[in-house]
Amino acid sequence: MTQYLALTYTADVDWWAPEQAAELAEYRQFAIENAGQIKASAVLHPTTTATVVRVEGARGGQVVTTDGPYAETKEALTGYYLIEADDLEAAVAIAVQLPAAWNGAVEVRPVIIAK
């Protein structure tokens, strides 16, 4: 089986806020229904908690950090699922079940396993 990373792009919200409870329940149901294929998953804190790290002049250069999101956007990277599937078609069949696919986007990418 191949591993695929399903990156969820949704509204940049606090998923633990009471007004998100119904949608969060849909994600939990997805996790239950696909437990055999999900190897890892996580919800990310809102982008306001992000720190962008850059090194000016390449390796060994000055480290520059910026608090908060890099750019404002309607949808932000809000989580991921590491799934196992026979092929891309099977991975997409799992990804379409994610609530993020219904009102945001899910990016599915194969994972390179180092040997």
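Colleague: Quick one first: what counts as a helix or a strand here?
Modeller: Both are DSSP runs, numbered from the N terminus: a helix is H or I over at least four residues, and a strand is E over at least two. Keep in mind that this is a predicted model.

Colleague: Fine. How many helices and strands does the protein have?
Modeller: There are 3 helices and 6 strands. Along the sequence they run β-α-β-β-β-β-α-α-β.

Colleague: On to pockets. What is the volume of the largest pocket?
Modeller: About 220 Å³.

Colleague: And which residues lie nearest its centre?
Modeller: L24, Y27, A42, V43 and Y81, out of 14 residues that line the largest pocket. Helix α1 and strands β2 (38–43) and β5 each supply at least two residues of that lining.

Colleague: What's the lining of the largest pocket like by class?
Modeller: It has 9 nonpolar, 4 polar and 1 charged residues.

Colleague: Switching to aromatics. How many aromatic pairs turn up in the whole structure?
Modeller: The search finds 2. One is W15 with Y27, edge-to-face, at 5.6 Å centre to centre and 75° between the planes. Those partners are 12 residues apart: W15 is in the loop between β1 (2–10) and α1 (21–33), while Y27 is in helix α1.

Colleague: Is W15 buried or exposed?
Modeller: Buried: its relative accessible area is 6%, and the cut-off for buried is under 20%. Y27 is at 9%, so Y27 counts as buried too.

Colleague: What about F30 and Y81, how are they arranged?
Modeller: F30 and Y81 form an edge-to-face pair, with 5.1 Å between centres and 80° between planes.

Colleague: Why does F30 count as buried?
Modeller: Because its relative accessibility is 2%. Y81 is buried as well, with a relative accessible area of 10%.

Colleague: Zooming out, what share of the protein do buried residues make up?
Modeller: They make up 28% of the 115 residues. The accessible surface is about 7,700 Å², with 55% of that belonging to carbon and sulfur atoms.

Colleague: And what does the C-alpha trace span?
Modeller: About 45 × 45 × 20 Å along the principal axes.

Colleague: Last one: among contacts between residues at least 6 apart in sequence, what percentage join residues at least 24 apart?
Modeller: That comes to 71%.

Conventions: Residues are numbered from 1 along each chain as its sequence is written. This is a predicted model: local features need pLDDT of at least 70, side-chain atom pairs count only at pLDDT 80 or more; totals for chains, interfaces and linings use all residues. Side-chain values use heavy atoms; hydrogens and water are left out. Rings of Phe, Tyr and Trp (its six-membered ring) pair if their centres lie within 6.5 Å; planes under 30 degrees apart count as stacked, over 60 as edge-to-face and the rest as tilted. Buried means under 20% relative accessible area, exposed over 50%, partly exposed in between (1.4 Å probe, protein chains only). On a 1 Å grid over the protein atoms alone, a cavity is a set of points where a 1.4 Å probe fits but cannot get out, and a pocket is an open set with protein on both sides within 12 Å along at least five of seven lines; lining residues have an atom within 4 Å of a point. Grid points are joined across faces, edges and corners, and a volume is the space filled by probe spheres set on the points. Ala, Val, Leu, Ile, Met, Phe, Trp, Tyr, Cys and Pro count as nonpolar, Asp, Glu, Lys and Arg as charged, and the others, Gly among them, as polar. Contact means heavy atoms within 4.5 Å. Accessible areas come from the Shrake-Rupley method with a 1.4 Å probe; for residues, only the protein chains shown count as cover.
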